[in-house]
Every structure is written in C-alpha cells, then in structure tokens.
Amino acid sequence: MKQPAKPQDLDRFRSEGDLNLTPQRRAWAAENTSAETARLLEADAKYFLHQSLSTPCLNALRSCRGPWLEDVAGRRYLDFHGNNVHQVGFSHPRVIAAIKQQLDTLSFCTRRYTCEPAVALAGKLVELAPGDLDRVLFAPGGTSAIGLALKLARVATGRFKFVSLWDSFHGASLDAISVGGEALFRAGIGPLLPGCEHAPPPDHRHCPFRCGEACSLACADYVEYILDKEGDVAAVIGETVRCTPFIPPPEYWKRIRAACDKHGALLILDEIPIALGRTGRLFACEHFGVVPDMLVLGKGLGGGVFPLAALLAREGLNLAADKALGHYTHEKNPVACAAGLATLQVIEEERLVDRSRSLGADALERMRAMAARHPLIGEVRGLGLLMGIELLRDRKSLLRATDEAEQVMYGALRRGLNFKVTMGNILTLMPALTISQSELDQAFDILESCLVDIEASGQAASPGRNA
C-alpha cells in the first residue's frame with residue numbers, strides 16, 4: 001500500500017489549502033475538541049474515505065448565519081473561508097424563503113422538461129453577464145461546469161488541446177485536474193487528459209522569467225508561444241483571479257484574449273469562487289476589460305445552500321444541438337434555481353457589489369498598515385473582499401513562512417476567526433459580502449494579535465534574513 005507523504009514533503013501539496021496532516025492540526029484537535037465534537041469526528045472518520053483537505057475533519061458545526069459559524073461546542077467563528085459560497089452570507093432569509101416556497105410547488109424537474117425558476121435564472125444571468133454571453137447551461141457543481149466548457153470547446157473548434165496555468169484549480173475530476181496545475185490533485189493519479197499544456201501563472205513574485213516588480217508580461221507571451229507552436233489549441237482556460245496567491249497585471253488578460261483571437265483558440269475564464277460581487281465587480285473579468293468566450297460560475301450561485309454552477313457562452317457557440325455536453329440529473333433543479341435567482345436579487349437590491357468594493361478598499365489599507373508593522377508580512381493584496389496576506393520568512397529570497405502561517409491560522413481559530421491558507425503561506429480572506437465594518441475590524445484585530453504573538457515568541461524571521 002502506498003505510504004502517506006511525510007511532513008517534510010507536504011509543501012508542494014499546499015497550493016489549494018491547508019492540510020489535515022500536520023502536527024499543528026493534531027495540537028488543535030487535542031486542545032479544542034469537546035466530547036460531543038469528538039463523537040462526531042470519530043464517526044465521520046469511520047464512514048468517510050480520508051483525504052488530505054477534508055476527512056479527518058477539523059471540527060463539527062451546528063449552525064451558520066450571516067458571516068458566522070457556530071460549532072457543536074457553542075463557539076462562534078467569523079467565517080473568512082466559507083468555501084467561497086457565502087457572498088450573501090449563510091442562511092440569508094430571502095434565499096431560505098425562496099427555497100421553502102419552491103419546495104411547496106415544484107421540487108424537481110425531470111430531464112426533457114423545463115420550469116419557471118430555471119428559465120428565470122438563466123435570463124437573469126444573461127441580463128447581467130458581460131458582452132455577448134447569451135447562452136447558459138446549469139450543472140450541479142463547478143467541476144461539472146468546467147467539464148461542459150472543455151467539451152464545448154472541443155465541439156466548437158474541432159481541436160482537443162488546452163493551455164492552462166500551473167498552480168490553477170478548476171475542480172477535482174480527472175478532466176479538471178488535467179487542465180488544473182496543482183500537485184495535490186495530479187500527483188500519483190496516472191495518465192491525465194492528453195493535449196493539456198501548462199504555462200506559468202501571472203505571479204510576478206514567483207516568476208520563472210524573473211520579471212520582478214517591473215512585469216513585462218513574459219508569462220502572457222509564453223502562452224502565445226505555446227499557441228503558435230501547437231497551432232491547434234481548442235482553448236486557453238484560466239482563473240480570472242487565483243484566490244489569492246496573486247492578482248494578474250491589468251493588461252494580462254487582454255494580451256491572452258488577443259493571442260487566442262490570433263490563433264483561433266477560445267478563452268474560458270473560471271470564476272467559480274470569485275464572481276458575483278466578491279471582487280467589487282459582479283464578474284472579475286470586468287476589472288480586466290475582457291469578455292471570454294465562456295465564463296464558468298458556481299459556489300455562491302446557490303446562495304450558500306444549494307450546489308449550483310453555470311456555464312455562460314457566446315451565442316456563436318450554440319452549435320451542439322446534436323450532441324450531449326452534459327444533461328445532468330439536476331441540471332434545471334427548480335429549488336436550486338430559485339435559490340440562485342434569490343441570490344442574484346439580494347446582491348442587486350442590497351448593493352453588495354458596491355459594498356464589497358468599499359469595504360475591500362478600507363481592508364486593503366488596514367492590511368498595508370499591518371505590513372508596515374509586522375516584518376512577517378511579505379505582501380498584501382486585495383480586490384474587493386477577495387483578500388490575501390502573504391507571510392515570508394525572508395523578503396529577499398521570498399522564503400515562504402509556512403509554519404508561521406499555520407500558527408496564525410490556528411491562533412485565529414482559537415480567537416474566533418476561520419480562514420484557509422493557500423500556497424502554504426498566504427492567509428486567504430474571503431468574508432461574506434454582508435459583513436459589517438465592525439465585524440471586519442474584529443477579524444483584522446484577531447489577525448494582528450496572532451502576528452504579535454508569533455513575533456513576541458521569537459519564532460518569526462526578521463526581514464532580509466534567511467531563517
């Protein structure tokens with residue numbers, strides 16, 4: 001039987017999130033597990049297959065509302081993780097009411113039939129979508145919607161190759177990890193989908209082309225180089241913003257869009273975790289002035305309740321009438337669609353896009369002030385309420401502070417703040433867009449107190465010193 005990875009080998013598996021295999025996770029469990037929690041965790045570990053990002057689990061929950069979680073021991077946490085489903089917060093009364101009302105009339109829609117909630121949600125998405133993204137397909141999850149996009153690109157172009165980015169995440173199915181770029185999901189799986197080429201992501205701080213702060217967009221030029229050399233690529237697929245190891249330079253996607261047009265490839269943008277207002281625009285691609293050929297949505301589209309995703313495509317891609325791209329059992333689930341429509345209405349009527357932009361701007365200033373006070377912070381970044389704090393042990397070599405990031409994460413949990421760590425050293429902060437200013441301030445107070453504790457203990461490295 002294959003042996004599990006040793007702790008010293010885990011760093012390359014940390015790109016999507018914090019792992020449940022570390023000593024600090026075990027220490028948290030020993031200190032913070034009540035008897036009732038232990039009973040649930042043991043039962044969970046008994047019945048579910050184990051995997052490094054979930055089972056065995058960290059804790060057990062009993063309620064969620066707004067930006068808050070509550071565990072079975074009665075402890076409350078501001079949730080800056082939420083698996084990116086909580087744009088409108090948890091248990092929003094408008095979403096819950098829409099679900100209950102729909103359950104009383106039509107709870108399921110059999111394939112070959114349509115229903116009012118599905119048509120209304122599709123129409124609303126087309127109304128809101130940028131450019132000419134006028135066609136929609138629904139799926140029960142983001143990974144499935146990515147599969148739809150890949151198949152449609154093959155049908156539309158007659159080509160089977162894709163160009164994507166290292167360190168990207170598009171889902172955990174075999175086709176999604178083939179275009180994805182994370183070792184955690186790809187390692188040891190065996191042959192993947194043929195024709196999947198990868199390029200470095202637009203991350204100037206860890207750029208193999210050594211661009212540095214004066215970014216020349218060599219990474220975008222390399223994507224065009226691949227398109228030119230291959231000659232028959234169906235599509236380039238990427239996350240508009242990778243949440244949040246980096247935010248691409250302003251001209252990056254324009255250059256990729258131009259390269260796709262020049263070489264006859266489609267552009268697929270994955271906004272499953274970051275669309276619907278999180279970045280301060282309804283769709284993240286609006287920040288970059290591009291309209292993709294396909295845009296993939298998910299996670300928060302179901303209002304933090306139902307699994308629901310959508311593929312938006314140009315009218316010119318409506319050419320698979322004689323094929324089956326993926327008519328999923330719950331493709332037009334009326335209850336999920338009612339939740340999605342209510343979610344879009346809440347975002348619009350409560351002006352959550354503007355709120356995200358305003359709160360995010362204030363939060364970015366707070367993070368910059370924290371960076372000036374704490375040498376452990378290498379960089380802060382934010383686009384609306386999509387925020388990240390990169391911790392470094394050495395600012396010159398960019399040595400990742402993975403142990404320190406984990407200490408901050410578990411220290412924050414002890415104080416009532418929940419978030420995940422990405423790439424091993426980036427505190428990834430994704431609150432509900434309904435969060436109040438005082439709750440946002442509370443979260444940053446917690447983060448700062450955790451950094452102070454680490455610095456006071458002498459565990460943090462000084463800037464410029466390789467520890």
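**Salt bridges and exposure in a predicted model**

Tutor: Across the whole structure, a search finds 32 salt bridges. Residues are numbered from 1 along each chain as its sequence is written, and side-chain values use heavy atoms, with hydrogens and water left out.

Student: What makes the contact between Glu-127 and Lys-124 a salt bridge?

Tutor: A salt bridge requires a side-chain nitrogen of Lys or Arg within 4 Å of a carboxyl oxygen of Asp or Glu. The N to O distance here is 3.3 Å, so the pair qualifies.

Student: How do you know whether Glu-127 is buried or exposed?

Tutor: Buried means under 20% relative accessible area, exposed over 50%, and partly exposed in between (1.4 Å probe, protein chains only). Glu-127 has 55% and therefore counts as exposed.

Student: Why is Lys-124 called buried?

Tutor: Its relative accessibility is 15%, so Lys-124 falls under the limit of 20%.

Student: What makes the pairing of Arg-205 with Glu-379 a salt bridge?

Tutor: The closest N and O atoms are 3.6 Å apart, so they lie within 4 Å. The pair links distant parts of the chain, 174 residues apart.

Student: Why is Lys-323 called partly exposed?

Tutor: Lys-323 has a relative accessible area of 45%, so its value lies between 20% and 50%. Its salt-bridge partner Asp-322 is exposed because its value is 62%.

Notes. This is a predicted model: local features need pLDDT of at least 70, side-chain atom pairs count only at pLDDT 80 or more; totals for chains, interfaces and linings use all residues. Helices (H or I, at least four residues) and strands (E, at least two) are DSSP runs, numbered from the N terminus.
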